[in-house]
Amino acid sequence: MGFNSGMALTSPSDVWPVVHEERRALIRDLEPLQPFQWKTPSLCPGWDVHDVLAHVIDSAKTTRLGFIRRMIAARMDFDRDNAVGVERERTLDPGTTLVRFQAVVSRTSGPPAGLATRLVEAFVHGEDIRRPLGLRRHYPAAHVATALEYQVRTSTKMGGGKEVAEGWRLVANDAAFDHGEGPAVEGPAIALLLAVSGRPIGTDELSGPGAPVFLQRQA
């Protein structure tokens, strides 16, 4: 079985307005934070909330040519390049970093990859920050399903979750997404997206006959 919502929403006119709104929503959520909250560990191992925001800024500034140059400088090491980007954009004062984020809200640049990656970044990193802080957001499920479709077809070596999804039938209960064969794992598209992207999720977020073993393997 496969993605069954018709044509994936991956044209620039579909993707960029969603990405820009997700950036604005994240700013609204981050503006009230107290200084100590910025040091909260995110869902990204080794990064706190402030680090993730710096990465999001760095990603928003990335251009196709710039990405190639950066990867050469990082000797094709994604983690090394990400670390350099975080160091470059993270300021001593989180408020100043947030101002930097506000300055890139409307950008439409990105690395040489499908536009769906911009949705993956917006949704996954949004949750990387929000969940540890106890913040909640209702994401546009159809667009989350587009990001999820990209992840289940992209190797983990390239930042996707194809290997994680293999052997399971993943079904979103809030969007038209039905992918793979095997024991069914059902839940909101955002929970499935986080799971295949290597993020921890709650045991109560997924259901279906395959959910217990699927969640155990992710843990």
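Colleague: Which helix does D51 lie in, and what makes a stretch count as a helix?

Modeller: D51 lies in helix 2. Helices are DSSP runs of H or I with at least four residues, strands are runs of E with at least two, and both are numbered from the N terminus. This is a predicted model, in which local features need pLDDT of at least 70 and side-chain atom pairs pLDDT 80 or more, while totals for chains, interfaces and linings use all residues. Residues are numbered from 1 along each chain as its sequence is written, and side-chain values use heavy atoms, leaving out hydrogens and water.

Colleague: What joins the side chains of D51 and R90?

Modeller: A polar contact of 2.7 Å. The term needs a pair of N or O atoms within 3.5 Å; within protein, one must be able to donate a hydrogen and the other to accept it, and residues adjacent in sequence count only if both atoms are side-chain atoms. Beyond its neighbours within four places in sequence, D51 is in contact (heavy atoms within 4.5 Å) with G46, V86 and R90.

Colleague: What is the volume of the largest pocket?

Modeller: About 1100 Å³. A volume is the space filled by probe spheres set on the grid points, which are joined across faces, edges and corners. Of the 36 residues lining the largest pocket, F78, N82, E121, M158 and G159 are the closest to its centre. Helix 6 supplies the largest share of this lining, six residues.

Colleague: How does that lining divide by class?

Modeller: Into 15 nonpolar, 13 polar and eight charged residues. Ala, Val, Leu, Ile, Met, Phe, Trp, Tyr, Cys and Pro count as nonpolar, Asp, Glu, Lys and Arg as charged, and the others, Gly among them, as polar. The second largest pocket, with a volume of about 410 Å³, has seven nonpolar, two polar and six charged residues in its lining.

Colleague: How do you know that strand 1 pairs with strand 3?

Modeller: Two strands pair if DSSP finds at least two bridges between them. Four bridges join strand 1 (residues 169–172) to strand 3 (residues 184–187), so the pair passes. Those two strands run parallel, and in strand 3 the bridge partner of V171 is E186.

Colleague: How many bridges join strand 1 to strand 2?

Modeller: Two, and these strands run antiparallel. With at least two bridges needed, this counts as a pair as well. V171 stands opposite D178 in strand 2, and a hairpin through five residues joins strand 1 to strand 2.

Terms used: On a 1 Å grid over the protein atoms alone, a cavity is a set of points where a 1.4 Å probe fits but cannot get out, and a pocket is an open set with protein on both sides within 12 Å along at least five of seven lines; lining residues have an atom within 4 Å of a point.
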